[in-house]
Structures are given as structure tokens and as C-alpha cells.
Amino acid sequence: MLKKNLTLSLLLLGAAPAMAGETLNTIIGGGAGGAAGAVIGKQMAGDTGALVGAALGGAAGGAATANRGNKNEAALGGAVGALGGAALGKNVAGNSGQVIGAGIGGAAGSALGASSGDNHRKEVHHHHYKKKKKKKYRRWDD
């Protein structure tokens, strides 16, 4: 029991820095999507279905709630995080651990993905002003 609690607490501590920089909506969306996907996938197709459902749910939840420019990164991060969390949670604490792991992994993964998307996209606005043409003085116009 101590080993299970220690592993889940380490998983939570590892997810805390990832969640600090991104909005709460992305964290909740990835976590809820991963957990719900794991539950639905488990009912439909067993353990393999739970893993696939967690990945799809984490991707959908992360992408649906991420900021405009970070949807792809949040979806990918949510899918990978929920998949890894569900697999680790199943090994540590059984079926309930699988759902908890998918939720935590989806939340951390979508937050990490969305925050990494901020690094490479910077909007640069260039202002194009009209140039005024100078009129030259011409002697024959006098």
C-alpha cells in the first residue's frame, strides 16, 4: 500500500510544475477527458479499450479547452499523458488507479503541451505606413 501511495504522490508532484503555467480550463479538460475516456473504454473493450479511450479522451479534452494557438500541442500532450497515466495507474492501483492515472496524466500532459506551444509561436505585427512622396522643385513648372 505504501508503494502505491508513494508512486501516485510522485506522479502528482511531477505534474505540479506543468500545471503552473497553463490555464485551469486546459488542466481540467485534459484530466476529465482522460478519466472519462478510460471509464468508457474499459466498459466497451476492457483494458486495451481503457488505454485507447484515455488517450482519445485526453486529446479531446485538452484540445477543446486549450487556447487558440495551442490546441494541437494540448491534444498531443493530453493523449500521451492520459495513456501513460492510465498504464501506470493500472499497474500501481488496479482499475481505480487506471482512471485516476488517466485523469492526472491527461491534465499534466495537456498543460505541458499547451505551455510548450507558447514557446515557438510569437505574433509579430508590422505596421506598414504609407510613404509620402516628396515633390521635387522643378524650374519649368513655375
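**Salt bridges**

I looked up the salt bridges and found that the structure holds two. I took a salt bridge as a side-chain nitrogen of Lys or Arg within 4 Å of a carboxyl oxygen of Asp or Glu. The model is predicted: local features need pLDDT of at least 70, side-chain atom pairs count only at pLDDT 80 or more, and totals for chains, interfaces and linings use all residues. Residues are numbered from 1 along each chain as its sequence is written, and side-chain values use heavy atoms, with hydrogens and water left out.

I checked K42 and found its side chain in a salt bridge with that of D47, at 2.5 Å from N to O. I then checked K90, which forms a salt bridge with D47, with 3.6 Å between the closest N and O atoms. K90 lies in helix 3 and D47 in helix 2, so this pair ties together parts that are 43 residues apart in sequence. I noted K42, D47 and K90 as linked in a network of salt bridges.

Side chains of opposite charge can pair when their charged atoms come close.

**Exposure of the charged residues**

I asked how exposed these residues are, with buried meaning under 20% relative accessible area, exposed over 50% and partly exposed in between (1.4 Å probe, protein chains only). K42 is partly exposed at 28%. D47 is partly exposed at 37%. K90 is also partly exposed, at 27%.

**Helices**

I counted three helices and zero strands in the protein chain. The order of elements from the N terminus is α-α-α. Helices (H or I, at least four residues) and strands (E, at least two) are DSSP runs, numbered from the N terminus.

**Nonpolar core**

I looked up the largest nonpolar core and found five residues, A38, A54, A82, A86 and A102. Helix 2 (24-65) and helix 3 (71-117) are the elements that give two or more residues to this core. Helix 3 gives the most, with three residues. Such a core is a set of buried Ala, Val, Leu, Ile, Met, Phe, Trp, Tyr and Cys residues joined through side-chain atoms within 4.5 Å.

I also listed what A38 touches: A50, G53, A54 and A102, leaving out residues up to four places away in sequence. Contact here means heavy atoms within 4.5 Å.

**Whole chain**

I noted that 38% of the 142 residues of the protein chain count as buried. Among contacts with a separation of 6 or more, 74% come from residues 24 or more positions apart. The accessible surface of the protein chain is about 9400 Å², and 63% of that belongs to carbon and sulfur atoms. Areas come from the Shrake-Rupley method with a 1.4 Å probe; for residues, only the protein chains shown count as cover.
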